[in-house]
Amino acid sequence: MIAGFAKAIITPSLQLPMAGYIGLRKSDGILDNLHVRCIYLKEKEEVFLFQYDLLYVDGVMVNKLIKRLQKQYSIKKHQVIVNAIHTHSGPAQILEKSGWNQRLDYIDGDYDEALVDMLVEKAIQAASEAYQTKEEAVLYFSKDHFRDIGTNRNQKDKAIDDTLSVLKIRNQSGCQAIIFSYACHPTIMHEENTKYSCDLLGPAFEMLEKQVSLAMFYNGACGDVSTRFTKNGSGIQEVKRLGALWAQHILEVMNKNEMQVNDLKISSFTYTCKARTYISQEDLQVLWNKQQRNSREKELYDLYEKMRYYCENKQLSLPVHMMQFDTICYVYVPVELFSSLALYLKSLLSNEIILVSYAMDYFSYMPDQAAYDENPIAFEAVISPFAKGCGEHFMDCIVSHIKKDHF
């Protein structure tokens with residue numbers, strides 16, 4: 001295996017809008033710098049892996065990056081994989097709103113092409129350094145279970161995918177990079193924070209990158225997983241406490257029962273579905289009254305109407321990528337999956353599956369069937385463009401593609 005790794009700072013100018021909550025905040029400081037990280041791998045196939053310290057990545061931005069890399073390295077489109085960590089303290093204005101995602105203007109604002117071009121350029125810089133410094137390397141995989149950070153954010157004891165995995169890359173010079181995977185909304189600070197930050201991942205990255213040259217994060221099926229029941233406040237000290245706890249466990253896992261992995265394979269497919277049909281405002285009001293909900297009413301009504309206008313019965317095409325090593329498969333999806341869907345997928349396969357959300361584009365929440373039955377006016381159910389049962393069908397399609405690839 002050949003491997004190289006590098007990162008570049010992408011922290012934007014101050015006073016730009018920040019993403020992550022309903023209504024845009026203006027940034028006025030920096031708690032920790034935001035980065036784009038890149039890992040280049042080559043065996044029989046090659047791949048550029050990118051991780052942005054952003055809330056999400058947009059398909060238009062990703063395609064800009066792919067075209068630049070294809071021109072420079074003559075690689076194929078599916079050999080570039082991009083994801084975001086899902087910090088709620090990064091810049092907004094990165095979604096190009098020409099299609100169905102115009103509904104997301106309430107969290108992203110107006111498209112800023114200059115900002116997106118900067119984000120692409122920084123990724124190109126990181127890719128160039130990773131490629132130029134590539135060396136022979138050995139890869140190791142290890143995993144454990146971890147419940148000290150994330151739980152179901154509505155029912156503390158509900159089952160979740162609590163797997164914490166680490167892919168360690170050690171080159172012949174002795175330098176190491178890791179990709180650690182875990183499913184959790186990495187948020188401690190609340191919406192009043194106006195300083196750029198990776199939030200919970202800031203201290204974790206800092207601690208990890210004192211031990212390894214680069215630490216990349218893959219966020220899993222975290223649509224309904226958060227720190228709600230594990231955090232003791234929303235201040236910076238709690239960010240540091242939980243971030244250090246997380247990093248310490250990652251360092252322990254990366255050398256625990258590790259196994260060497262080889263045989264890199266990259267593949268991709270497109271999952272196509274029709275967006276959901278929406279109920280009338282009158283029926284929505286009945287549901288609201290039945291649950292005796294009275295806060296944020298106007299907010300959710302407005303969201304629902306935007307969903308109806310921009311999404312109803314539209315064709316949705318979701319890019320899905322897969323990176324395989326021996327009996328391990330990373331599956332990259334452009335949605336916020338509910339944890340039960342990850343558990344369902346894993347129950348159908350005997351191999352090690354690592355789901356990576358916020359990859360290649362952003363299509364918002366993909367709840368399980370139960371979410372629509374239990375609370376159809378919950379935020380996740382309202383904002384999702386997907387019909388009831390689509391999540392389970394999506395998982396079935398992923399299984400079919402994995403089996404078709406003889407994994």
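How many helices and strands are there in the protein? There are eleven helices and 21 strands, where helices (H or I, at least four residues) and strands (E, at least two) are DSSP runs, numbered from the N terminus.

Before I continue, a word on the source. This is a predicted model, in which local features need pLDDT of at least 70 and side-chain atom pairs count only at pLDDT 80 or more, while totals for chains, interfaces and linings use all residues. Residues are numbered from 1 along each chain as its sequence is written, and side-chain values use heavy atoms, with hydrogens and water left out.

I begin with the overall form. Along its principal axes, the C-alpha trace spans about 65 × 50 × 45 Å. The accessible surface comes to about 15,800 Å², and 47% of it belongs to carbon and sulfur atoms; these areas come from the Shrake-Rupley method with a 1.4 Å probe, and for residues only the protein chains shown count as cover.

Of the 407 residues, 60% count as buried. Buried means under 20% relative accessible area, exposed over 50%, and partly exposed in between (1.4 Å probe, protein chains only). Taking a contact as heavy atoms within 4.5 Å, 78% of the contacts between residues at least 6 apart in sequence join residues at least 24 apart.

I turn now to the interior. In soluble globular proteins, nonpolar side chains tend to be buried together. A nonpolar core here is a set of buried Ala, Val, Leu, Ile, Met, Phe, Trp, Tyr and Cys residues joined through side-chain atoms within 4.5 Å. The largest such core has 109 residues, and L41, L49, F50, Y52, F180, W246 and Y330 have the most contacts inside it. Helix 3, residues 113-132, gives the most to this core, with nine residues. A second, separate core has 38 residues, among them L303, M322, L345 and A381.

Which residues does W246 contact, leaving aside its neighbours within four places in sequence? They are F146, I149, L164, F180, Y182, L200, L201 and F217.

Three further positions illustrate contacts across the sequence. A123 is placed in helix 3 and is buried, with a relative accessible area of 0%. Leaving aside neighbours within four places, A123 is in contact with V36, F50, Y52 and L65. The C-alpha atoms of A123 and I9 are separated by 9.3 Å, although these residues lie 114 residues apart along the chain.

S181, in strand 11, is buried at a relative accessible area of 4%. Beyond its neighbours within four places in sequence, S181 is in contact with T163, L164, S165, Y218, Y330 and I354.

E191 lies in the loop between strand 11 (176-182) and strand 12 (195-196), and at 47% relative accessibility it counts as partly exposed. Not counting residues up to four places away in sequence, E191 touches Y21 and R25. E191 and A19 are 172 residues apart in sequence and 9.6 Å apart in space, C-alpha to C-alpha.

Next, the backbone. Most residues other than glycine have a negative phi. S74, in the loop between helix 1 (59-73) and strand 7 (80-84), has a positive phi of about 55°. S364, in the loop between strand 20 (352-356) and strand 21 (365-366), has a positive phi of about 70°. Is each of these serines buried or exposed? S74 is exposed, with a relative accessible area of 64%, whereas S364 is buried at 0%.

Helix 11 deserves a brief description. This helix covers residues 390-404, has 15 residues, and reaches 21 Å from its first C-alpha to its last, close to the 21 Å expected at 1.5 Å a residue; the expected span is 1.5 Å times one less than the number of residues. Its buried residues are C390, G391, E392, F394, M395, C397, I398, V399 and I402.

Finally, the cysteines. With a disulfide defined as a pair of cysteine sulfur atoms within 2.5 Å, the structure holds zero disulfides. C38 is in no disulfide, and the nearest cysteine sulfur, that of C175, is 16 Å away. C38 is also buried, at 0% relative accessibility.
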